[in-house]
Structures are given as C-alpha cells and as structure tokens.
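Please open the model in your viewer and keep the selection tool at hand.

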Amino acid sequence: MKIYISIIMIGISFLTFSQTKDFDAETLSLFQKKAWPDLITTAEKAKYNNQATFEIDYRLAVAYFNTQNYHDSAQLFENIIDKYHVKNDPILEYLYYAYLYTGRPQDALLIASEFPFHLQKKIGVKKFAIIDNLNVEGGLKMSDNKDIGIDNITYFNGGVGQQLGYRVKLEHAYTRLSQNYFDLDYIQNEYYVNMKAQLAKGLTLIPTFHYIKTFDNNGTSHRGNNDVFNNQQINQTTQLFNLSLKKQWHRFSISPNIIYASTNNDEFGSFTNMQFGLQMGYSIKALNDKLWLGAGGDVKSTDIDTDFIWNLKALYNFNAKTYVYARYLNANTTNFAVDDGRYYYNSISTFIDNFSVTFGYNFSPKFSWYLNYQYENATDFDYNISFTYNTLITGIQIVL
C-alpha cells in the first residue's frame, strides 16, 4: 500500500514539475518572439494555477508594459521586488517608466534614488535641479455683458519648477489678471508655491501657499455710457494655506485637504474662511487605462454660512502624445479655492458653475502645449444680474 501511495505522490510531483516547466518554456519562447498578448494569457494562467516563478512574473510584467498596461506592470514589478527580493537594473528601469506613464512622477523619483550610477546616467535622472521646468500661459476671459460694465478679464501666468533631492519638488508661479467691473477697475497679482514631498511609495504630502494682492488701478470705470469716478482706492490681500495628503493605490487615488484663507479688505475689514475637501480618482482598466475619472467635494465654512463645492473630472488619453481633460465645477459661492489652493475664486460676483475642457499635445517628453476652453456662469446679487464668461487659455511647458 505504501508503495502505491509513493508512486502516486511521485507521479503528482512529476506532473506538477512538467506543467511548471512547460509554462516556463512557453513564456520564454513568447518573450523572445515579443508575442506580448499571448505571453500575458499564458503567464496569467500560470499565476492562476499557482505555478508562477520569478522568470514568469518578470516576463508578464514586461508584457504588461509593452502593451501599455502600465498600472498592472508597476504593481507586478512591485510584487516581484517584495516577493523575490530582486532589484536589478531592468526591474528598476521598467518600474521607473511605469510610474511616469501612470502619472506618478514622485514615485518615479523615489525609485530612481535606488538606481546605480550607470543607470542614473543612462536615463538622465537628476537629483537636484534649480530650474527643472518652465511653463507659461495666458488668455482672455470674455464677458457677455460688457455693455453694462462687466468687461473682459486678461490673464497671464508664468511658473518654474525645482527639484530638491529625490523626494521634494517645488513649483513657483506668478499670476496677473485685470478687469473693469462696474465701479472697480482692478489689477490682481498672485504668487503661488507648491511643494510635493514624497513620504513613501504612493504617499505624497502637498503643502501650498498662495498670496493674492488686488488693488484699484485708477479709480475710474465705465457703467453703460456714463463715466463713474471712484477716488477711493480699495486694496485687498489674501493669504491662503493649503495642506493635502495624496494616497495612491494602484489605479485608485484619494486626497483629503484643508485650506485656510485670511483676507484683509480696506472697505470691509478682515475675514477668514476654512475649506475641508476630499478628491478621488480611478483609472478604468476596461478601457486600457485610457480613461481616468475623478470626483471631489469641499465644505467651505465662514462666520456667516457654509457652502458645498463639488466637481466631476475626466481625462482621456488618445495616445502617448494627445489627451483631453474635462471638468465640471459647481460652487454657488465666492472666495473658495480648488486644485490644492492653486486657483482662488475671489470675484465680487458669485461663481455659479463652470465647464472646462483642455486639449493637450506632447510634442516630445520635454515640450508640451495645451489649449483650454471654459464656460462659466456667474451672478451679481447686488445688481441682480446673471452673466457668463467664455474663456480661452493656451500654454506651454518646457522640461530642462
């Protein structure tokens, strides 16, 4: 009886070994032929039958990468490192680019910190860069009620990025906009600084500071056919502090944030407000990760009332060079911030909602261009009028 049991066990072991060996040989052949879809089918079958090896997992991760399934490629390379304790040059290089192509540049820099010198030189990774990138954009926010005193808004923004080690990136931006709005002919200057500090893989701390200075340009404006002389210049300053924490799990990301804004106005005095928000995003695997969907909401609290601000977002990548990004933002309030405090809506009128669509094209990894269109509804309750803005903004970014 023992002899029969031994023969059966040997047979089972031999059969299992043969199947594992067949998976290894077949995936190796497909890998050498670069038959990536067939390789994915075979390697996933090996994993389903608990017969994956380091070699099979590695080939599958490479196949994911070469079929532009960068999310699954990154996850599998992470598992390979954890399971097999291997960090050779190909694994590190593939993982670096998989992070980049899934919108995780901070994680890419973090893995680059483990590169040997020759791999750093091959890829061109920089640990420090006083000027890492430059961007400039400008446009016109066109009013449909210029005849009653709500003129267009001119807009300009220029920025510079810095890299301070593998874990910290800074972004500085200067913004200038101007408008004639009834009895206020104003100019607004802004300074914005954003830090992205990578605490761990998939975990980013984002503190920002935004300073806004608004002042009356000359005290003269036009309302209809009448000149209005306003000799009293009204200045306003706002200091905004934002703290966000972004966590990325494979295709899903979540980012809670808190914003504190303090404003001093020559006419109305000082006031503050707080915002508490949560943003989420998910990449759709069924559409080959070409489509990313996001949603978020903020609660803005002041001494007077509490407002709810919400948004829906979608990003679609047609290919590696071309994308379109759309967002709907609903607020029904003013003096609120979005995008980690980058944009602060402090207009006299009440912001109702906004639809925005951006078309972008990457001419190369170092040069990109985009064109943005926005349709915005606003209401001035003091004058009991509603109006709209149509906005066109174009910009470029250069990576040095």
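pLDDT is the predictor's confidence in each residue, from 0 to 100. This is a predicted model, in which local features need pLDDT of at least 70 and side-chain atom pairs count only at pLDDT 80 or more, while totals for chains, interfaces and linings use all residues. Residues are numbered from 1 along each chain as its sequence is written, and side-chain values use heavy atoms, with hydrogens and water left out.

Colour the protein chain by confidence: its mean pLDDT is 90, and 90% of its residues reach 70 or more. Then select residues 4-20, where pLDDT stays under 50. Where pLDDT is low, the predicted coordinates should not be read in detail.

Next, select F77, I80, L95, Y96, F115 and V125, which touch the most other members of the 37-residue largest nonpolar core (a set of buried Ala, Val, Leu, Ile, Met, Phe, Trp, Tyr and Cys residues joined through side-chain atoms within 4.5 Å; buried means under 20% relative accessible area, exposed over 50%, partly exposed in between, with a 1.4 Å probe and protein chains only). To this core α3 gives the most, with 8 residues.

Centre on F77, which, leaving aside neighbours within four places in sequence, is in contact (heavy atoms within 4.5 Å) with Y58, A61, V62, I91, Y94 and L95. Another core, of 13 residues, lies apart from the largest one and includes Y155, L177, Y181 and Y186.

Finally, select I130, which is found in strand β1 (strands are DSSP runs of E, at least two residues, and helices of H or I, at least four, numbered from the N terminus). I130 counts as exposed because its relative accessibility is 63%.
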